[in-house]
Amino acid sequence: MTIEEQIVLNSINRPDHIALIAGDEKVSYSQLWERCLVAATNVKKKYGLKQGDRIILSASANIDFIYAYLGIHIAGGICVPIDPDTNESRFELIKASTAPVCTMGTLLKVEGTSTIPLSNLLESCDVVEPFRQIEIDTIADVLFTTGTTGAPKGVSLSHKNLSAAALNINTFIKNTADDVELLALPVSHSFGLGRVRCVLSKGGTLVLLGSFASMKKFFGCIDRYHCTGFGMVPAGWGYIKKMSGKKLGQYADQLRYIEIGSSFMPVEDKELLCELLPQTRICMHYGLTEASRSAFMEFHSEGKHLNTAGKPSPNVDIKIFDAEGHLLLNGEEGEVCVKGNHVTCSYWNESKDRFAKDFFNGYFRTGDSGYLDEDGYIHLKSRIKEIINVGGKKVSPMEVEDILNSIPGIEDCACVAMPDPEGVMGELVKAFIVTHDESLTDTAILAALKPKLEVYKLPAAIERIDSIPKTASGKVQRLQLK
Amino acid sequence: MDKDQILGTVSSIVAEICGVEKDAVNENSTVGDFPAWDSVGHLSILSKVEETYDISFEPEEMMEIEDVKDIVEAVYNILQK
């Protein structure tokens with residue numbers, strides 16, 4: 001059953017139960033469903049959306065976004081959610097790749113493109129079209145990831161992928177229709193959007209906050225709406241800890257669950273959370289956009305395995321293969337590969353033959369290397385993919401390198417992730433440069449980068465070396481620099 | 001050091017980290033006013049303020065800081081001690 005079909009059932013079974021809260025506005029399941037049908041009708045009649053057409057949606061955590069997102073699916077369309085902060089070149093690439101019928105929502109950094117306000121979708125229409133069953137194997141979303149090369153790559157997720165992932169997650173976390181979840185994650189990414197689907201398909205209540213930035217609002221919402229859970233990335237915990245100390249512990253009796261996203265988290269941080277929240281299910285996932293939440297671990301019940309990425313999620317199988325696609329035994333290191341109904345059905349605009357190369361014997365190749373121990377726990381060793389994760393924001397090393405290489409005096413360079421010495425951001429960008437210009441200071445390099453890069457993408461450290469390690473074919477071997 | 005001086009310095013820090021003109025920042029500018037002033041931006045701003053004045057905020061103080069005025073007050077209070 002698709003997510004939308006589960007929501008319509010919730011609107012029949014518990015019509016007055018609150019689905020969404022944003023500020024002072026509360027929306028019941030019956031209201032949510034009515035508005036989604038209006039949005040679906042409008043998107044077809046006013047904007048000409050036909051089965052399989054794409055709409056780019058600037059995704060911010062507000063109520064209108066939720067109506068638009070579900071409405072497009074109900075109308076048979078494909079959502080392409082992007083960050084409102086998406087820059088112009090990335091937007092143009094996504095637009096060229098998906099050829100959307102229109103772009104909806106506010107884009108902060110793109111000029112000259114007219115976008116349709118999300119609220120237009122709720123304008124009254126004469127006849128609201130009834131719900132027609134959605135074909136479960138059709139594509140629902142295309143999410144663009146940060147490729148190592150800097151070129152965005154579209155991950156297609158079918159309705160079947162989305163509902164399988166929601167089922168696996170809800171089964172592991174043990175969510176119920178009585179849960180009230182505080183959503184402070186961006187909804188343009190797999191994690192935050194996944195939380196929306198999990199809560200609404202289960203019939204719970206979602207409180208839209210949109211950001212962790214204000215701790216006053218964060219704790220204010222937990223108090224006011226008696227929230228029972230939330231999702232965060234490890235850097236989010238770093239932030240909460242830094243900004244509010246151990247205050248989260250005051251909610252130990254109230255918080256039933258926390259879902260934590262996949263990036264490195266120090267064991268001490270995990271232990272502190274366990275200490276502050278002794279009764280909460282603290283569930284950390286391992287996954288990627290292509291295979292959302294492929295593995296899980298719960299900190300209390302699996303406390304002896306805190307240094308691992310957990311075990312395969314319910315209904316998911318994980319195996320380790322070598323570079324030639326041979327199955328490896330427990331303890332042997334290779335590529336982590338995932339099988340399950342949640343695994344992406346295709347890459348957007350990529351041939352089936354090319355896509356087939358991302359699999360070994362039906363198992364999707366994650367690009368992460370690791371091994372399984374004798375208890376079946378996954379130990380991640382390194383990322384074959386080289387994206388740098390700064391406080392939950394993805395940085396392509398090549399984007400920074402391209403700008404560094406344009407600075408006079410820099411002959412070559414490579415960027416890698418370095419651990420944040422403060423332990424808050426998780427990773428920071430470190431640049432290795434080759435230069436013979438002794439007058440080229442770090443300050444001068446940073447001054448040249450600043451106008452062209454967001455602050456979190458600026459290198460936190462710059463090291464001068466004699467040469468950048470490369471393969472015979474000239475590909476930068478960033479892992480050798482770590 | 002008076003509050004106006006602190007306001008000038010803090011506004012410059014916010015402007016630099018958020019990638020906006022200093023004129024766009026005033027004492028009521030707050031978290032979320034600029035796209036870059038999210039949790040990562042907020043932390044960067046507070047770290048830079050701590051570094052600039054060689055002070056450190058306690059978590060209880062941090063939680064109360066939401067806008068430029070709050071930062072100025074917090075810095076002023078610590079410098080007075």
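Is A:C198 buried or exposed, and how many C-beta neighbours does it have inside 10 Å?

Modeller: Happy to. One caution to begin with: this is a predicted model. A:C198 counts as buried because it has 25 C-beta neighbours inside 10 Å, and a residue needs 20 or more to be called buried. You will find A:C198 in helix α6 of chain A. Setting aside residues up to four places away in sequence, A:C198 touches A:A166, A:I169, A:N170 and A:N175. For a sense of scale, take A:I21: 177 residues separate it from A:C198 in sequence, and their C-alpha atoms are 16 Å apart in space.

Now step back to the helix itself. The axes of α6(A) and helix α1 of chain A (residues 3-13) come within 7 Å and cross at roughly 40°. In that contact, A:I3, A:Q6 and A:I7 of α1(A) meet A:R197, A:L200 and A:S201 of α6(A). Sorted by class, the contact residues are 3 nonpolar, 2 polar and 1 charged.

Next comes the sheet. In chain A, 9 strands form an open sheet with mixed pairing, in the order β2-β1-β9-β8-β10-β11-β12-β13-β14. Its edges are β2 (25-28) and β14 (311-312), each of which pairs on one side only. Further in, β1 (residues 18-22) and β9 (residues 205-208) of chain A pair in the parallel sense over 2 bridges, with A:L20 standing opposite A:L206. Helix α6 (residues 190-202) of chain A packs on this sheet, where it touches β1, β8 (180-183), β9, β10 (229-232) and β13 (291-298). The direction of α6(A) makes about 160° with that of β8(A). Another helix, α3 of chain A (residues 63-74), lies across β1, β2 and β9, running at about 135° to β1(A).

Helix α3(A) also leads us to the core. The largest nonpolar core has 162 residues, and those with the most contacts inside it are A:L57, A:A68, A:L183 and A:V207. Its largest share, 9 residues, comes from α3(A). In soluble globular proteins, nonpolar side chains tend to be buried together. As one example of the packing, A:A68 touches A:A39, A:L57, A:M104, A:L118 and A:L121, not counting residues up to four places away in sequence.

That core also takes us across the chain, since it draws at least three residues from each of domain 1 (3-372) and domain 2 (388-481) of chain A. At their contact, 15 residues of domain 1 meet 12 residues of domain 2. On the domain 1 side, the residues divide into 6 nonpolar, 8 polar and 1 charged.

Chain A has an open sheet of 3 strands in the order β23-β24-β25, with mixed pairing. The edge strands here are β23 (410-419) and β25 (461-464), and the twist from one strand to the next averages 25°. Strand β23(A) pairs with β24 (residues 427-435) of chain A in the antiparallel sense over 9 bridges, and A:C413 has A:I433 in β24(A) as its bridge partner. Helix α11 of chain A (residues 397-405) lies across β23 and β24, at about 150° to β23(A).

Let me finish with A:G391, in the loop between β21 (388-390) and β22 (393-395) of chain A. A:G391 counts as buried because it has 24 C-beta neighbours inside 10 Å. Leaving aside neighbours within four places in sequence, A:G391 is in contact with A:A235, A:M425, A:G426, A:Y456 and B:V40.

Note on methods
Residues numbered from 1 in each chain as written. Chains lettered and ligands numbered in written order. Predicted model: local features only at pLDDT ≥ 70, side-chain atom pairs only at ≥ 80, totals over all residues. Pairing = 2+ DSSP bridges. Helix = DSSP H or I, 4+ residues; strand = E, 2+ residues; numbered from the N terminus. Contact = placed C-beta atoms within 7 Å. Axes fitted to C-alpha atoms, helices over the stretch in contact; angles between N-to-C directions. Nonpolar A, V, L, I, M, F, W, Y, C, P; charged D, E, K, R; others polar. Core = buried A, V, L, I, M, F, W, Y, C linked by C-beta atoms within 7 Å. Buried ≥ 20, exposed ≤ 12 C-beta atoms within 10 Å, placed from the backbone. Domains from an automatic or database assignment.
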